[in-house]
Structures are given as C-alpha cells and as structure tokens.
Amino acid sequence: MKVLKNLRVEIPEIKVHDRIELPASETAVIVVDMQNDFVKPGGKLVVPTAKDTIPSIRRLLEKARERNILIIYTKDTHYKRDPEFEIWGEHVVKGTWGWEIVDELKPLENDIVVEKTRYDGFYGTPIDDLLRVYGIRYVVIVGTVANICVLHTAGSAALRWYKVIVPLDGISALNDFDYYVALRQIDFLYKGILVESVDGIIFK
Ligand code: ZN
C-alpha cells in the first residue's frame, strides 16, 4: 500500500450565486448536526470553523421563521458500541451534552428534530415523507460537516429531485479541501445552487 499525500490538484470551476428567491410555501430549511460534540470546545469531534457558521445560520432561521418556513434539524445519534465509533471515535451518544444541539440554535416548538444514525439525513428517517407531506420542493441545507453529513444529505435530497440550496457561510469542514469538495459536488454533480451567503437567500 502507498499513501498519497500533499497532492496539489486544481479545483475545477464552482458556480456561486449572489442571490436566490425561493417560494416560502415550498421551501424547507434543514440544519444538519449542529450539536455540541461537533461545534463546541470540549466536544468529541470538533470542526474548528463550525462555530463561525452559527451567526449565519441564526440569521437564516430568523428569516425562515418570519415566513413560517418548515425547519428540520438533524441530530446525529449513536448508541453504545456503534460501529461508526471505529471510524470516528465515540461521539453524539444519545442523551449526552455532546448530542444536544448548540444553545444558540436551539429548535423552537414548531421545528422538527430528526435523529439520524448515519451521514445521510434521509437514511432511515422520516425526512422524505415530511418534505412530501408539506409539499416541499426546495431544501436549504446548512450545518456540518460539509463533505460528510451535509453532502450526503444534499446528495440524497437531489437524488429525490428536491432542489438543493447551500449557502457558503452556513457550512463547515475539517479542512479547505473537504469544504471545496463538498461545494464542487453540490454544484457539478447534484445541480444544487450555491449562494455566497445566507443573506442572499430571499423567501418570497
Ligand atoms: Zn456520527
């Protein structure tokens, strides 16, 4: 075996929009895994830049709540002896502090919180059913980790023909390469819409 290291590769083009208008009644916001273990100092699997996305995600949620937009949170959820711990170590064990969503983004009464056991927010969860029941066609996805749970959830949404919108200031990754991989895949492969900032997302 050999290990490829320190490769320098050219990132192909990535299209980023300044502004997008979305119909409020057909749009949902999905906040992926903004839990203490991934975001807060002392967490078990901290993504250093995840905390920097909190203000943007808050602004997005405020705007969404003003328009009564469906808000779904995913909570990565593991139980004792989860096989995923062999990959990542123990994290977000159900019922622990690390499993809770960060205080700054606490779900409100009418929000939906979905527990998921793998990277993909649709896998083994009612998200697809919920989106259909509420007549959703557009999903704005924010949260962490960009190339892991955000990307799998975005891909899974796109494969079901939902239009995926991802603001660049709403997602975070462990390093720049992973961040840009996610952007490239969302734009090029899943035909999602990348928006420079949550402030460029207009609900009408
Ligand atoms: Zn996990």
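# Exercises on a zinc site, strands and a core

The zinc ion's donor residues follow the spacing D-x1-H-x5-E-x6-H along the sequence. Before you start: this is a predicted model, where local features need pLDDT of at least 70 and side-chain atom pairs count only at pLDDT 80 or more, while totals for chains, interfaces and linings use all residues. Residues are numbered from 1 along each chain as its sequence is written, and side-chain values use heavy atoms, with hydrogens and water left out.

## Exercise 1: the zinc site

Work out which residues coordinate the zinc ion, and what kind of site the angles among its four donor atoms give.

*Solution.* 

Step 1. Look for donors, meaning N, O and S atoms within 2.8 Å of the metal (3.2 Å for Na, K and Ca); water is not among the atoms, so sites may look incomplete.

Step 2. You'll find Asp76 (OD), His78 (NE2), Glu84 (OE) and His91 (NE2), at 2.1 to 2.2 Å.

Step 3. Now check the angles, which run from 85 to 158 degrees. Four donors count as tetrahedral if all angles lie between 85 and 135 degrees; four count as square planar and six as octahedral if opposite donors are over 155 degrees apart and all others between 65 and 115; anything else is irregular. This zinc site comes out as irregular.

Step 4. Aspartate 76 and histidine 78 are both buried.

## Exercise 2: β6 and its partners

Find which strands pair with β6 through three bridges, and in what sense.

*Solution.* 

Step 1. Strands pair if DSSP finds at least two bridges between them.

Step 2. One partner is β5 (residues 138-144), which is parallel to β6 and linked by three bridges. Here valine 140 sits opposite isoleucine 165.

Step 3. To get from β5 to β6, the chain passes through helix α5 (residues 146-159), making a right-handed β-α-β crossover. Right-handed means that, with the strands pointing away from the viewer, the path from the first strand over the helix to the second runs clockwise.

Step 4. Another partner is β8 (residues 193-195), also parallel to β6 over three bridges, with proline 167 opposite valine 195.

Step 5. How covered is β6? Of the five residues in this strand (163-167), four are buried.

## Exercise 3: a strand with two faces

Sort the residues of β4 by the face their side chains point to, then find the strand that β4 joins through five bridges.

*Solution.* 

Step 1. Go along β4 (residues 112-116) and you'll see the side chains alternate.

Step 2. The partner is β3, running parallel to β4. Threonine 74 stands opposite valine 114.

## Exercise 4: into the core

Why does valine 29 count as buried, and which residues does it touch?

*Solution.* 

Step 1. Valine 29 counts as buried because its relative accessible area is 0%.

Step 2. List the contacts (heavy atoms within 4.5 Å). Leaving out residues up to four places away in sequence, valine 29 touches Leu60, Leu61, Ala64, Ile69, Leu70, Ile71, Ile72, Val140 and Phe203.

Step 3. Zoom out to the largest nonpolar core, which has 67 residues. Such a core is a set of buried Ala, Val, Leu, Ile, Met, Phe, Trp, Tyr and Cys residues joined through side-chain atoms within 4.5 Å. Val29, Leu131, Val139, Ile141, Ile165, Ile201 and Phe203 touch the most other members. Helix α5 gives the most to this core, with eight residues.

Notes: Buried means under 20% relative accessible area, exposed over 50%, partly exposed in between (1.4 Å probe, protein chains only).
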